[in-house]
Amino acid sequence: MFQRVAFLAPLLLAACAAPRTSALVVGDGREARAATAQPELAAPAAEPVTSAAPAPAPAASRSALLAAEDGSLHESRFTVKGGYWGSDEDTLDDGYIFSASWMRFFTRFFALEFEAGYLDGDGEDGGVDVDVWSIPVFLNGRLNAPLWILDVYGGAGVGGFYYDAEVSAGGLSADDDGFLLGGNVFVGATINLADSLALGLEGKYYLSEDIDDADEGLNGYALMLTLGFGR
């Protein structure tokens with residue numbers, strides 16, 4: 001009996017002295033479960049994305065946009081004109097006139113125009129028949145008032161007429177030609193049909209020197225349709 005007790009005593013002491021591994025294992029399990037049981041931290045909510053206000057267009061872009069809106073009609077323009085010409089002189093009655101012009105706008109409100117054309121008129125006075133053709137050439141200044149799709153304008157210019165006149169009476173005839181200094185004043189309006197097309201009506205009055213030995217010139221008025229093309 002004593003021998004068995006003496007044999008078991010060291011075993012019991014060893015068992016008491018050994019670490020409690022099972023408790024540690026159990027404790028480790030609790031810590032693992034506690035770690036897994038903790039709720040995950042929610043990700044911070046994303047801030048709402050707000051669109052930044054568009055930056056103002058640079059001055060150059062605004063200028064380009066205005067130029068596009070204005071179109072080429074207010075830059076430079078080629079115009080053809082044609083219509084009726086009536087004389088203020090006694091020996092001439094009426095006729096027709098055609099012209100072409102090139103216009104350069106410095107602003108939307110002012111332009112210079114170079115104009116050249118062809119004028120033909122005839123008449124009869126006291127049994128004397130007169131037939132005249134002329135080439136009027138003028139440099140004009142034009143004041144322009146743009147109103148929506150309309151342009152209302154007026155102006156004046158200086159230049160002259162190259163003319164050729166034929167006079168006949170009683171089977172006799174005579175020719176005369178030369179150059180007369182002159183001027184013109186005008187008013188008109190156009191409707192801008194597109195960025196580079198304008199249709200209008202123009203009234204013009206011409207003044208000229210008198211033809212030598214005739215005491216008459218090419219004073220008269222014209223009413224013309226106009227068709228303009230932007231560059």
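The chain has 3 helices and 10 strands. This is a predicted model. Reading from the N terminus, the order of elements is α-α-α-β-β-β-β-β-β-β-β-β-β.

**Overall figures**

- The chain has 231 residues, and 31% of them count as buried.
- The accessible surface of the chain is about 14,800 Å². Carbon and sulfur atoms hold 65% of that surface.
- Take the contacts between residues at least 6 apart in sequence: 56% of these join residues at least 24 apart.

- Strands of a sheet pair through backbone hydrogen bonds, in either a parallel or an antiparallel way.

**Strand pairs**

- Strand 1 covers residues 76-87, and strand 2 covers residues 94-107. They pair in the antiparallel sense over 11 bridges.
- Strand 1 and strand 2 make a hairpin, with 6 residues between them. Gly82 has Phe98 of strand 2 as its bridge partner.
- Strand 3 spans residues 110-125 and runs antiparallel to strand 2, with 13 bridges joining the two.
- Strand 2 and strand 3 also form a hairpin, here with 2 residues between them. Ile97 has Leu119 of strand 3 as its bridge partner.
- Strand 5 (residues 150-169) pairs with strand 6 (residues 172-194) over 20 bridges, again in the antiparallel sense. Opposite Val167 stands Ala174 in strand 6.

**The nonpolar core**

- In soluble globular proteins, nonpolar side chains tend to be buried together.
- The largest nonpolar core here has 16 residues. Trp85, Ile97, Tyr206 and Leu218 have the most contacts inside this core.
- Strand 4 (128-147), strand 5 and strand 10 (220-230) each give two or more residues to this core.
- Ile97 ties several parts of the sequence together. Beyond four places in sequence, Ile97 touches Lys81, Gly82, Gly83, Tyr84 and Trp85, among others. Its contacts also include Tyr118, Leu119, Tyr206, Ala222 and Met224.

**Gly154**

- Gly154 lies in strand 5.
- Gly154 counts as buried because its relative accessibility is 17%, and the cut-off for buried is under 20%.
- Leu143 is 11 residues from Gly154 in sequence, yet the two are 5.5 Å apart in space, C-alpha to C-alpha.
- Apart from neighbours within four places in sequence, Gly154 is in contact with Gly141, Arg142, Leu143, Phe186 and Val187.

**Arg77**

- Arg77 is part of strand 1.
- Arg77 has a relative accessibility of 2%, so this residue also counts as buried.
- A polar atom of the Arg77 side chain lies 3.0 Å from the backbone oxygen of Leu73.
- Setting aside neighbours within four places in sequence, Arg77 is in contact with residues that include Ser101, Trp102, Met103 and Phe105. Further contacts of Arg77 are Arg142, Asp151, Thr190, Ala198, Gly228 and Phe229.

Definitions and conventions
Residues numbered from 1 in each chain as written. Predicted model: local features only at pLDDT ≥ 70, side-chain atom pairs only at ≥ 80, totals over all residues. Heavy atoms only, no water. Helix = DSSP H or I, 4+ residues; strand = E, 2+ residues; numbered from the N terminus. Buried < 20%, exposed > 50% of the residue type's maximum accessible area, 1.4 Å probe, protein only. Contact = heavy atoms within 4.5 Å. Areas by Shrake-Rupley, 256 points an atom, 1.4 Å probe, with all protein chains shown as cover. Pairing = 2+ DSSP bridges. Core = buried A, V, L, I, M, F, W, Y, C linked by side-chain atoms within 4.5 Å. Polar contact = N/O pair within 3.5 Å; in protein donor to acceptor, adjacent residues only side chain to side chain.
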